[in-house]
Amino acid sequence: MTFFDALDLIGTLAFAISGALTALHKRMDPFGVLIIAFVTAVGGGTLRDVLIGRTPVGWMQDLNYLYIITLGFVLVVVFRGKLLRFKLSMLLSDTVGLGVFTLIGIQKGLDFGVHPYICVALGTMTACFGGVIRDVLCVEIPVIFRKEIYATICILGGAVFFVLKEWQLPDTLVYLITSLVIIVVRLLVVKFNWSLPTLDLKPNQ
Amino acid sequence: MTFFDALDLIGTLAFAISGALTALHKRMDPFGVLIIAFVTAVGGGTLRDVLIGRTPVGWMQDLNYLYIITLGFVLVVVFRGKLLRFKLSMLLSDTVGLGVFTLIGIQKGLDFGVHPYICVALGTMTACFGGVIRDVLCVEIPVIFRKEIYATICILGGAVFFVLKEWQLPDTLVYLITSLVIIVVRLLVVKFNWSLPTLDLKPNQ
Amino acid sequence: MTFFDALDLIGTLAFAISGALTALHKRMDPFGVLIIAFVTAVGGGTLRDVLIGRTPVGWMQDLNYLYIITLGFVLVVVFRGKLLRFKLSMLLSDTVGLGVFTLIGIQKGLDFGVHPYICVALGTMTACFGGVIRDVLCVEIPVIFRKEIYATICILGGAVFFVLKEWQLPDTLVYLITSLVIIVVRLLVVKFNWSLPTLDLKPNQ
């Protein structure tokens, strides 16, 4: 297993935990909690695979996703009374997931030969749409459409990726710098509580 | 048409009727009722086909689905004032659908050569996700995530399926026993009103 | 670019604007507004492509969709205080979109060799399901299931299409008449405020 694969599993675990916590707050039963953990963790990558035609989709071909998500589910159920203490480690692994998933999505787009803009869209989708599906199943307007600067960081990371590619840096360096940019910006955003302004509907009147 | 195909159509009809009834309760117009009947009946199988890459998806290649769903829609519209009387036959055909759809999903997974765990997931998806899509379109938290032991029975049925396979029983017997287990457990669950406990969020405090 | 392609882009622009306006009313941030504009414009065609197995889906292979949707997004953000004045031009371009998208969906179905009924379903899906996904992401029961005669017009247009084909009219004429039927009926529906009746749940009691 490469270092990249390890980060992928950490991101998957973090997303599974975030999904399971959301489902617990909605008072779902254990099956619901498991499914929401699952779709949060693999939903973005699954949507990406379906749209580019890479089937059977990723998690059907590698059981590690199933195992790691089940682990996340068990952790949440066992430690559900104490998880607030782990808020910082949650944030950190979620942020690592954001960086890694964006990179994976961009790379898959390159493999399928689509335009860089579409690659950036696929990276953003991979990192963010698990959360969108989670919110839809929980009947909430997706949080990334409302207040959190989250997807915008993926788009920024995607831009950095292709600028570095343009400069012909070696792939490893491109991956490293892109991930670091995403991770650092994400932590700054959370630290200083930045958000995009909502657009007032009638500003001229 | 085999006995298996006949059961498939009965399950489709039952799911179409359950979808149409839900849409009526939401006061949708006839087109909405028809569409919700349609996605409830074929949504799970369609999602499965898309994820494993079996396209065009099933209902595009066999018009019987379209006809049987239209029949379900017409039945609901015509008899909508009297459907409560048929509650028991509804439950029975829905339960048959649950058993048959689970088997079909598992079998499709085997055809595509994925791992037994993934086959069980595909069986559960085939049987349950039409109802999930129905609830999402009706802006409800999916009922199977909240209170009904429904998906868990499919997972149990899937486990039985692969244990029997392991014992090298003939296919027909495997199908028969698996369906019967799913159907009997489902009826027991309804009869005794069993449900999974919701997980209290802070049980240790 | 053919005349047909030009109409496609006009329809895409109109649908993007309608999506962006809906997202503004939900007080989403700019990223949310852009995504809702995007899924409203390409969601129906994307679902169709996924279900028939035409991947990578359309908008990944032609950047014009991305550009035109971004244009729609910018127009809405810049002129958001004044858009009510453009209500009529919005309705007209939305109606053109409805006609063109229905035709495109039917044609794609013919290209994949599915039955005429399925082609009509694909045309309706192409024209209407972007709006359904928009409503689901905004946590509303899809408007076309509730009150607007919209999808029914697509089905009517699809029927006209295949009747004309049966008469062996030349393709151009089939396209022209079908679009005109859809557009004229849609304008009449809006003008006279027609809607399908909702089905009263217990009419016989």
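Predicted model: local features only at pLDDT ≥ 70, side-chain atom pairs only at ≥ 80, totals over all residues.
1. Copies are superposed by least squares on the C-alpha atoms of residues with pLDDT of at least 70 in both.

2. The copies use different surfaces, as 10% of the contact residues of chain B recur in chain C.

3. The pair formed by chains A and B can be described in like terms. Chain A can be laid on chain B by a turn of 120 degrees and a shift of 0.0 Å along the axis, with an RMSD of 0.0 Å. This is the relation of a three-fold axis. In chain A the C-alpha nearest the axis belongs to Val139(A), 3.7 Å from it. Here too the copies use different surfaces: 10% of the contact residues of chain A recur in chain B.

4. The axes of helix 2 (residues 30-52) and helix 3 (residues 64-78) of chain C come within 10 Å and cross at roughly 130 degrees. Angles over 145 degrees count as roughly antiparallel and those from 65 to 115 as roughly perpendicular, so helix 2 of chain C is oblique to helix 3 of chain C. The crossing of helix 2 of chain C past helix 3 of chain C is right-handed.

5. Which residues make the contact between these two helices of chain C? Helix 2 of chain C contributes Pro30(C), Val33(C), Leu34(C), Ala37(C), Phe38(C), Ala41(C) and Val42(C), while helix 3 of chain C contributes Tyr65(C), Leu66(C), Ile69(C) and Phe73(C). By class, the residues of this contact comprise eleven nonpolar, no polar and no charged.

6. The domain annotation may be read against the model. In an unreviewed entry, UniProt lists residues 6-80 and 92-165 of chain A under "domain: Glycine transporter". Residues 6-80 of chain A are 83% helix and 0% strand, and the end C-alpha atoms of this span lie 25 Å apart.

7. The unreviewed UniProt entry also carries the annotation "transmembrane region", which covers residues 6-24, 31-51, 63-81, 88-106, 112-137, 149-167 and 173-194 of chain A. One of these spans, residues 88-106 of chain A, is 100% helix and 0% strand, with its end C-alpha atoms 27 Å apart. Another, residues 173-194 of chain A, is 91% helix and 0% strand, and its end C-alpha atoms lie 28 Å apart.

8. In chain A, the peptide bond from Thr55(A) to Pro56(A) is cis, with omega near -10 degrees. Pro56(A) is located in the loop between helix 2 (30-52) and helix 3 (58-61) of chain A. In chain B, Thr55(B) and Pro56(B) are likewise joined by a cis peptide bond, with omega about -10 degrees. Pro56(B) is placed in the loop between helix 2 (30-52) and helix 3 (58-61) of chain B.

9. Arg27(A) lies in the loop between helix 1 (3-25) and helix 2 of chain A.

Methods: Residues numbered from 1 in each chain as written. Chains lettered and ligands numbered in written order. Heavy atoms only, no water. Contact = heavy atoms within 4.5 Å. Axes fitted to C-alpha atoms, helices over the stretch in contact; angles between N-to-C directions. Helix = DSSP H or I, 4+ residues; strand = E, 2+ residues; numbered from the N terminus. Parallel < 35°, antiparallel > 145°, perpendicular 65-115°, else oblique. Left-handed = near helix turned anticlockwise from the far one by under 90°. Nonpolar A, V, L, I, M, F, W, Y, C, P; charged D, E, K, R; others polar. UniProt positions renumbered as here; feature names shortened; annotations may be inferred.
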